[in-house]
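Morning, everyone. I have one structure to walk through, and I'll keep it brief. Here it is.

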Amino acid sequence: MTAQLTSTTPALSYNQKEWKTGYRSLKEEFDYDITDIEGEIPAELHGTLFRNGPGMLDVNGERVNHPFDGDGMICAISFDQGRAHFRNRYVRTEGFEAEQQAGKILRRGVFGTQRSGGPLFNAFDFKLKNIANTQVVYWGKKLLALWEAAEPHRLDPATLETQGLEFFDGQLAKGEAFAAHPWIDPSSKFDEGRPTLVNFAIKAGVSFTLTLYELNLEGEMIQKHDYPLPGFAFIHDFAVTPNYCIFFQNSVQFNPLPFVFGQKGAGECIKFQPEKPTKLIVIPRGGGKPQTYEMDSGFVFHHANAFETEQGLTIDSVCYADIPQLEVGLDFLDVDFQNLKPGELWRFKLDRASGKVEGEVKLSRCCEFPMVHPALVGREYRYTYLGAADQADGSNAPLQGIVKVDLQTGEETLWSAAPAGYANEPVFIPRAQPDASGCYTQVDGAEDDGWLTAVIYDGKQERSAIVILDARTMEQVARLNLKHHVPYGLHGTFTPE
Ligand code: 3ON
Ligand code: FE
């Protein structure tokens with residue numbers, strides 16, 4: 001037997017000083033062929049990985065209060081015959097242009113960024129700055145940059161130039177939102193089995209409204225339904241199955257006064273109420289009556305997937321025991337990771353007959369940004385891939401790896417970039433070619449036969465790389481070193497065109 005030395009304070013896999021440097025604005029816009037490549041880019045990998053995230057985290061040295069308030073910057077990494085090209089460009093939103101021109105912060109942000117000049121300049125200013133920073137999706141021959149509380153911005157897919165706000169032929173009214181979490185249903189019952197894009201919006205106010213949208217392959221809106229939403233709602237994502245849209249209405253309280261008087265952002269006035277249940281809202285996609293169920297409280301931003309079962313529904317989500325919020329007045333760069341509750345992957349099962357929802361932890365390693373095979377959205381599936389902490393002990397930490405979870409066996413496989421590397425959302429790209437629609441509508445071969453791509457920030461070299469992993473083995477296939485850093489991003493999509 002070998003004696004094991006145990007320590008009560010295990011060494012951290014990350015270095016907060018290095019981690020922080022990933023949150024510097026990227027002020028240049030690049031356009032170049034990537035030449036610094038380790039390993040080989042698979043020759044069959046063809047298409048573009050679009051990513052969005054807050055790239056501008058200060059205006060002339062005046063910093064945003066929270067990274068979610070940073071202006072949206074799109075990266076496009078195109079793969080063709082073993083080669084890759086990088087391009088990044090800011091979304092020219094109205095607010096971005098005005099602030100860059102003025103050289104100071106002119107708009108309040110939802111997460112506490114204030115206009116220059118103190119609370120008096122912020123009180124009674126309820127305008128939202130559409131920062132287009134959360135997701136980017138190519139649909140109906142349009143590239144759309146999304147932010148959940150406003151209209152999409154349309155971009156040129158080749159140059160990433162901003163073309164203006166998108167209203168889908170007048171189907172979206174000015175001021176109406178189109179959330180940042182669309183799902184592509186690989187075979188929609190509402191369009192003769194063709195793929196459709198399903199999305200939602202929350203309209204805040206004295207009373208809240210939830211809107212569901214469905215767009216066909218041509219980008220035309222084929223369904224739009226409004227539902228009243230009782231109580232205050234902060235809903236970032238949803239899940240979709242062939243027949244339903246599924247929402248978790250986390251139990252939160254909103255105290256508008258600090259927002260009204262210019263002291264806090266609206267998002268900072270939200271308080272989690274762990275003693276109150278989360279509402280599970282199930283809405284028939286054809287426009288029927290919503291059903292609401294109650295479940296144990298928890299805070300959910302992202303859902304991995306959902307599918308219909310004989311008993312009801314199964315929903316897989318990243319769930320927190322408390323809303324991951326910063327202490328007011330604390331610089332987000334000084335966040336105490338260990339003090340926050342980690343995200344965990346949960347499986348929730350709704351039994352319609354009893355109306356009961358049972359939850360079970362599927363991965364207690366700290367994780368976020370779940371991803372699944374695109375052809376299995378809304379269908380029974382086996383694998384999900386997430387950004388994950390390096391350590392397996394379940395404590396909160398920055399994401400430093402990509403984890404594959406086998407939901408059938410419970411097996412987890414980690415690829416880690418620790419100690420210098422920091423990860424975010426993985427995007428799964430099937431090896432098999434998409435069908436004529438340009439969508440992946442079927443699993444051709446094994447569900448995990450494909451690649452995972454992610455942007456990894458190296459805190460020692462202070463620059464980023466794109467990694468390509470083999471999703472079957474979770475081994476690195478290639479690492480494409482960029483010439484600069486990319487600030488930690490949010491979401492992205494792959495388009496095989
Ligand atoms: O509920 C009302 C309606 C509404 C839509 C009030 C409101 C003002 C809060 C609101 C607006 C919400 C907005 C604009 C939310 C934006 C969210 C955003 C930009 C990002 C969310 C990211 C979520 C996660 C989980 C990120 C995780 C990041 C890491 C693990 C680190 O890389
Ligand atoms: Fe999100």
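Start with the open sheet: 4 strands, in the order 12-13-14-15, with antiparallel pairing. Strands here are DSSP runs of E, at least two residues, numbered from the N terminus. Two strands pair if DSSP finds at least two bridges between them. In general, strands of a sheet pair through backbone hydrogen bonds, either parallel or antiparallel.

Now the edges. Strand 12 (183-185) and strand 15 (221-229) each pair on one side only. On average, neighbouring strands in this sheet are turned by 25 degrees against each other, direction ignored. Those axes are lines fitted to C-alpha atoms, and angles run from 0 to 180 degrees between N-to-C directions.

Before going on, the ground rules. This is a predicted model: local features need pLDDT of at least 70, side-chain atom pairs count only at pLDDT 80 or more, and totals for chains, interfaces and linings use all residues. Residues are numbered from 1 along each chain as its sequence is written, while chains are lettered from A and ligands numbered from 1 in the order in which they are written.

Back to strand 12. How many bridges join strand 12 to strand 13? There are 3, with strand 13 covering residues 196-203 and the two running antiparallel. Ile184 stands opposite Leu197 in strand 13.

Zoom out. The chain splits into domain 1 (35-144) and domain 2 (180-364); the bounds come from an automatic or database domain assignment. Their centres, taken over C-alpha atoms, are 23 Å apart.

Last, the contact: 21 residues of domain 1 meet 19 residues of domain 2. Contact means C-beta atoms, placed from the backbone, within 7 Å. On the domain 1 side, strand 8 (residues 135-139) gives the largest share, 3 residues.

Notes: Contact = placed C-beta atoms within 7 Å.
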